[in-house]
Amino acid sequence: MKTGIDAIAFDIAKIHLPIKTLANARNIEPEKLEKGLGLIKMTLPDTYQDAVVFGANALTKLIQENAIDLSEIARIYVGTESGIDSSKPIASFLLSLMEEKFGADLLAECDAVDFTFACIGGVDALQNCLDFIRLNPEKKAIVVTTDIAKYDLNSTGEYTQGAGALAMLVTSNPKIIAFESNWATSSKGVFDFFKPYRTLSKSEITGNPANEPWHENLENEIEIHKEQPVFDGQYSNQCYMDRTRNAYFSFKKLKNTDETLYNSWESIIMHLPYAFQGRRMLSEIYVLDATVLAGNESASEYQNKLKEISKSEDYKSFVSQKLLPAELASSLIGNLYTGSIFMGLLSTLAHFHDSENEISGKTFGFLAYGSGSKSKVFEGRIQPEWKTQISKVRLFETLQESQEIDFETYEKLHKKEQKQSIRTPKSEWILERIEKEIPCLIGARYYKWIE
Ligand SMILES: CC(=O)CC(=O)SCCNC(=O)CCNC(=O)[C@H](O)C(C)(C)COP(=O)(O)OP(=O)(O)OC[C@H]1O[C@@H](n2cnc3c(N)ncnc32)[C@H](O)[C@@H]1OP(=O)(O)O
């Protein structure tokens with residue numbers, strides 16, 4: 001019996017800043033961002049959007065486009081690193097919003113939970129659901145990935161921002177892709193990228209050394225949580241390379257093969273924090289699995305050789321064939337954290353669909369990464385009905401409709417100074433309000449469907 005993804009839907013932020021505009025404002029050579037990192041646009045949430053809104057919109061589309069009977073859904077598992085509550089998961093919000101839209105108690109017996117491990121949480125949720133379906137083939141599960149990749153202004157992450165969600169129906173005998181049962185993992189606890197709770201001493205805010213109540217906070221330290229990560233970009237790249245390489249070679253061991261594994265993959269789907277991350281990071285695996293090196297190089301010779309091979313014509317044509325289709329959507333969106341790898345899959349499928357390429361029966365290789373850090377490598381085979389399913393999705397047509405904003409508006413949105421929404425919402429969920437008065441509901445978020 002096969003298990004995998006039967007249907008897929010997405011909701012990406014509908015406003016964007018062109019990367020050229022950001023580059024000019026920040027005095028960065030636009031070519032570095034466009035040709036070096038593959039960036040064209042970065043998408044940004046409007047004033048009424050958060051990670052729940054994106055997740056709810058993607059899920060609503062999945063249900064409507066595929067006429068899903070919600071009472072058949074046994075699980076809604078969410079991958080996210082943009083949680084808005086340390087106790088109540090995004091999955092819990094999704095349960096209530098879907099019941100509000102599609103019918104009371106339809107999900108009363110559905111299991112729901114969030115998975116958090118930076119960008120790999122969605123892959124963890126998928127793996128878990130695949131195992132569940134393997135044990136319960138008559139059941140159905142949904143995986144939602146939803147995130148807002150927001151970085152500090154003027155940081156090296158600023159040009160990789162993006163926002164949105166995907167929703168995937170996981171079933172037995174799936175129509176899009178069936179995953180094989182071998183999954184390799186490589187993990188190591190590190191601080192390459194994280195979102196800690198930070199503290200400010202109360203006296204720094206109030207200017208009063210005495211610990212007097214401040215907005216009902218009795219503690220002498222005020223905890224703050226920022227959406228923006230603490231990170232070391234180049235170190236995070238090193239961790240990405242180390243984990244994916246180790247997981248890749250563990251996967252080869254699991255498959256018990258000496259062949260060059262990536263040659264058996266029609267496309268390679270990697271976590272893409274920006275479009276060209278895959279092609280920049282995969283060159284080492286490309287070299288090591290093809291035994292191009294003699295093996296006795298010094299560390300600097302090794303690095304030089306890697307650089308040389310990554311610029312070679314052979315590697316460029318390998319990239320065009322196996323990686324480029326996944327990069328197309330990433331260039332127009334930016335980082336989606338947990339959703340990036342699945343957007344890479346959708347981008348590849350949409351590209352093959354639009355260019356009328358038949359890929360039924362082909363194997364795709366997946367290299368997932370999450371900071372902190374963990375990589376998982378696995379593979380899946382494209383199923384005969386993939387085209388019918390992907391034609392519903394309209395990926396590139398929808399991305400084309402995104403509205404451009406100017407730099408001033410971007411900064412106002414980033415600093416949360418912009419109060420008026422940029423777009424008028426239509427056929428989508430919005431964050432309506434956050435409770436500020438009722439003591440036992442302080443902070444509760446309320447959402448609304450706008451026709
Ligand atoms: C965050 C996650 O989602 C989890 C992860 O994956 S962690 C791994 C990725 N880390 C991140 O995304 C963290 C946030 N991002 C960052 O810190 C940074 O954007 C980054 C580390 C990813 C990149 O850093 P950077 O300093 O801006 O770029 P840099 O590493 O110097 O690379 C610039 C590239 O542009 C090229 N370039 C520079 N000028 C150029 C020009 N004029 N024309 C063409 N290319 C140019 C450079 O040659 C280089 O490419 P190669 O190394 O492939 O040759």
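The side chains of Lys195 and Glu81 pair up in a salt bridge, with 2.8 Å from N to O; the term stands for a side-chain nitrogen of Lys or Arg within 4 Å of a carboxyl oxygen of Asp or Glu. Between domain 1 and domain 2, the count comes to 3 salt bridges. The model is a predicted one, where local features need pLDDT of at least 70 and side-chain atom pairs count only at pLDDT 80 or more, while totals for chains, interfaces and linings use all residues. Residues are numbered from 1 along each chain as its sequence is written, and side-chain values use heavy atoms, with hydrogens and water left out.

As for the domains themselves, domain 1 covers 3–192 + 232–450 and domain 2 covers 194–229, bounds that come from an automatic or database domain assignment. Their contact (heavy atoms within 4.5 Å) draws 10 residues from domain 1 and 7 residues from domain 2. About 790 Å² is buried between the two, and carbon and sulfur atoms give 44% of that; buried area here is the accessible area (1.4 Å probe) that two parts lose on being put together, summed over both. On the domain 1 side, Lys150, Asp152 and Phe191 lose the most area to domain 2, together 48% of what that side buries.

Then there is the ligand. It is surrounded by 30 residues, and the closest are Lys32, Thr156, Tyr159, Ser236 and His271; a residue counts as near if one of its heavy atoms lies within 4 Å of the molecule. On its own the ligand has 1,100 Å² of accessible area, and the protein covers 79% of it, going by the Shrake-Rupley method with a 1.4 Å probe.
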